[in-house]
Number of protein chains: 2
Amino acid sequence: MQELRKDPIVGRWVIIAPERLTRPQNVSDADELSTTSFDPFLEGHEDATTPEIMAYRNSGEANEPGWRVRVIPNKFPAVTVEGQLDKRGVGIYDMMNGIGAHEVIVECPHREQNMSRLSVENIREVFWVYHDRLVDLKRDTRLVHGLIFKNKGARAGASLDHSHSQLIVSPIVPITIQEELDGAEKFYKYRGRSIFSDMIQQELATGERIVMETEHFVVMCPYASRFPFETWIVPRQQASHFETATQAVVEDLGTVMKSILTKMELGLDDPPYNYVLHTAPFSSPNLPHFRWHIELFPRLSRVAGFEWGSGFYINTVPPEEAAQFLRGTELTFT
Amino acid sequence: MQELRKDPIVGRWVIIAPERLTRPQNVSDADELSTTSFDPFLEGHEDATTPEIMAYRNSGEANEPGWRVRVIPNKFPAVTVEGQLDKRGVGIYDMMNGIGAHEVIVECPHREQNMSRLSVENIREVFWVYHDRLVDLKRDTRLVHGLIFKNKGARAGASLDHSHSQLIVSPIVPITIQEELDGAEKFYKYRGRSIFSDMIQQELATGERIVMETEHFVVMCPYASRFPFETWIVPRQQASHFETATQAVVEDLGTVMKSILTKMELGLDDPPYNYVLHTAPFSSPNLPHFRWHIELFPRLSRVAGFEWGSGFYINTVPPEEAAQFLRGTELTFT
């Protein structure tokens, strides 16, 4: 059984999931993913995956061809749906059972590696699926937060090349999200304003770290970027929970993601990347101080060293230069 | 000029150091470090490095052969010694100049890749050098904290194979250290005890996560380990600042590091690894709630994915199993 364990010093929850050891051994050692091996995510290979949770379909029944975007349980889940939380102390430590949902969003029926090469309509549907899954899983009162992320490319942690993202809904709030909630609340209490609103206002005023703007979004390289070409996609309007996004916002987000991912593919030589959707916990009301957003990290350097253990980052590309470069990268798909 | 910039949401300081781009281009792309290329850290090659800051010597003058452990400025520094902090606001953001010291500790005069293969006496001297550098740099009132770390192996971020570690002394406290200070202080205020003391007491009582014990240290895989075989080296006696360690403690630490690094070399097939020395800021008095310690991470999996952006770790090796394995790995050097 998986366990959630809390670090007693900083309060960080960690998943201890020995079951995942049964994953294919070569997952973490390949530099490039095979594009010719059997693809379990391909349309027609539905019987090679766990039974689907949902799909947007043109035709067919569940687990048959005819889908456009498909959601399945992760075959090697970090958390599992069945059971009780059974929160308990182990001496001075806090733990609970690893209850939750770990799902895979297969983003397209054909074998495509990079979300950037999906159609805008396809990308919009991926974000609609995120939305729908969060709305659905929110009803499970054992669960507190939904973390949606993508590992693209072997060097960003992916084990299959077919474009997909993942969702881990768990009974805890990941520490990075918690720290953002705490920091943003402190700012709000002190100044009576949202730090996200202040940040966007200043970024738009100077423009030097802006990559692009649309009706609903500001795309920028943050002032204190940890990584070269780190990019944030932030909605203009206040909203703490992604699952409350309106249709106009989700549609616009599809356009924005297509654009920025295409810019990175063209400008940075199709890099591996991760993105993480930062959204408020299910259990919190609409928060005036926190804003959902997406943090996108191209993985341009293969290695990381002491930054892992210290949280002290050295970034060799100033965000002003990164933004200027990405602004200047022409889009060919429009 | 390098800059230190603060993330306005979570308060994390980041170094923006474009000068480091002049580092050899292949640094981050090699999987293995060359063991036959020119070694600037080798005894006799002193003129290939920046002029030394200090050395423990058997003979010779500065920048001549005859040294045992040698400290030089990093050739591609993330921060620089000269200049003023010039702390200022940039609209809503906080920044200061990238003032500080970035030094390299060359751990031995001969070409050896792994600290585990240095003699115990040699390792002790490396830790004495850490001690001496912190004591010296502490006198610079512009500087607030000293971060000492090691990247061993290309996949852990090293760019040269000759065993070395690094020191970054800067005018800010790295966020991971700050979070530990905050968490430990909260625990102390609430319970009147040190979390480090409680943790060690419980670990010694159950023994299941203990790797080894000596007169002055407890070596354990922490309850909420983020990574497989994550290992902490914690002193038994309360001390917040490493630079206050007594001779007996530093000598014992040499033995402990030789042992645990040898266990990892033998048991885990000579893995790349990082360690980070966590110590309290120069500017704080002796703290009853925080204890200096070393966090050691073998890098068994080549990649990391969304964990980077979310702080949500999935660990496939329970610390109890990791500790049992490391306990059982026989040492051959004694």
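1. A charge is said to sit over a ring when NZ of Lys or CZ of Arg is within 6 Å of the ring centre and within 35 degrees of the ring normal. In this predicted model, Arg5(B) lies over the face of Tyr223(A), 4.5 Å from the ring centre. Likewise, the charged end of Arg5(A) is placed over the ring of Tyr223(B), at 4.5 Å from its centre.

2. The same surface serves both copies, since 100% of the contact residues of chain B recur in chain A.

3. Over all chains, there are 20 aromatic pairs. The ring centres of Tyr93(A) and Tyr223(B) are 4.2 Å apart and the planes lie at 5°, so this pair is stacked. Tyr93(A) belongs to strand β6 of chain A and Tyr223(B) to the loop between β11 and β12 of chain B, so the pair joins two chains. Both Tyr93(A) and Tyr223(B) are buried.

4. Phe127(B) and Tyr275(B) are also stacked, because their ring centres are 6.4 Å apart and their planes at 25°. Phe127(B) is in helix α1 and Tyr275(B) in strand β13, so the pair ties together parts of chain B that are 148 residues apart in sequence. Phe127(B) counts as buried, at 0% relative accessibility, and Tyr275(B) counts as buried at 0%.

5. At the start of α3(A), a side-chain oxygen of Ser194(A) comes to within 3.1 Å of the backbone nitrogen of Phe196(A). Buried residues of α3(A) include Phe196(A) and Met199(A). Just after α3(A), Gly207(A) has a positive phi of about 75°.

How values were computed. Residues numbered from 1 in each chain as written. Chains lettered and ligands numbered in written order. Predicted model: local features only at pLDDT ≥ 70, side-chain atom pairs only at ≥ 80, totals over all residues. Heavy atoms only, no water. Contact = heavy atoms within 4.5 Å. Buried < 20%, exposed > 50% of the residue type's maximum accessible area, 1.4 Å probe, protein only. Helix = DSSP H or I, 4+ residues; strand = E, 2+ residues; numbered from the N terminus. Polar contact = N/O pair within 3.5 Å; in protein donor to acceptor, adjacent residues only side chain to side chain. Phe/Tyr/Trp six-rings, centres within 6.5 Å; stacked < 30°, edge-to-face > 60°.
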